[in-house]
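Hi,

Here is the structure I said I would pass on.

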Amino acid sequence: PLTSTFIGTGWFIGPKTLLTAGHCVFSQSDFGGWIGSIDVAPGRNGAKFPYGSVTASRFSATKAWQDRSDPDYDIGCIHLDEPLGNDVGYFKIASLTDEDLEGALLNISGYPADRGGGEQQFFHANRVLRSSARRVFYDVDTYGGQSGPPVWHQAAPGAEPVAIAIHAYGVGGTPGSWGIKANSGPRLIPEMVQLIKEWLAAEVS
């Protein structure tokens, strides 16, 4: 039996629903399919668990990710039985146009394995370098374990933060022909937002 432990990051979009990278919940190479369970510990800081910890065993992922590990569709979902998101709060999501994304300042916060062993949250921000139809590319400091956090944008200081993508890849995911050093994540384009709404609607009351 598989007994490996992995580190990842997720974020609430509703009382019982978290978004994350698809490969955090479904991976033929790492898990042989769906992961067995995930311990969700919001805001963990070392030995401190400000919102406790709950174990999830129900997950969703895009069909394109399950079928062919397509990085443009590397989006997954964690379903909880408890409405922990009501205590933590949750991100709004938005589909930014190519024009809106050009040069936009993006923020990423997650739990890297190289600093704090996946038990402490680290933050970095930088501007969009390039975007494709389904991915956004940026040079933000991340490491393994930080797969799955929101890539969020604030239109102005004090404006409401909105998640516009999910961080999923380091520099290895960027086409070499582009000549840029960038990490990336799948954009929350309108069809993905619609799927996410269906995942939210499946919350068990």
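What percentage of the 205 residues of the protein chain count as buried? The figure is 45%. Before you read on, please keep in mind that this is a predicted model.

Let's start with the overall picture. The protein chain holds five helices and 15 strands. Its radius of gyration is 16 Å, close to the 17 Å that the globule rule gives for 205 residues, so the chain is as compact as a globular protein of that length. Along the principal axes, the C-alpha atoms fill a box of roughly 40 × 40 × 35 Å.

Next, contacts and surface. If you take the contacts in the protein chain with a separation of 6 or more, 63% of them are between residues 24 or more positions apart. The accessible surface of the chain comes to about 10200 Å², and carbon and sulfur atoms account for 49% of that. As for charges, there are 15 positive and 21 negative ones, and their mean positions are 1 Å apart.

One part to look up in the viewer is strand 11, residues 122-131. Strand 10 (residues 105-110) runs antiparallel to strand 11, and six bridges join the two. In this pairing, leucine 105 stands opposite arginine 127 of strand 11. Strand 11 also pairs with strand 12 (residues 135-138), again antiparallel, through three bridges. Here valine 128 stands opposite tyrosine 138 in strand 12. A hairpin of three residues links strand 11 to strand 12.

Cheers

Note on methods. Residues numbered from 1 in each chain as written. Predicted model: local features only at pLDDT ≥ 70, side-chain atom pairs only at ≥ 80, totals over all residues. Heavy atoms only, no water. Helix = DSSP H or I, 4+ residues; strand = E, 2+ residues; numbered from the N terminus. Rg over C-alpha atoms; globule rule 2.2 N^0.38 Å. Buried < 20%, exposed > 50% of the residue type's maximum accessible area, 1.4 Å probe, protein only. Contact = heavy atoms within 4.5 Å. Areas by Shrake-Rupley, 256 points an atom, 1.4 Å probe, with all protein chains shown as cover. Lys, Arg positive; Asp, Glu negative; His and termini not counted. Charge placed at Lys NZ, Arg CZ, Asp CG, Glu CD. Pairing = 2+ DSSP bridges.
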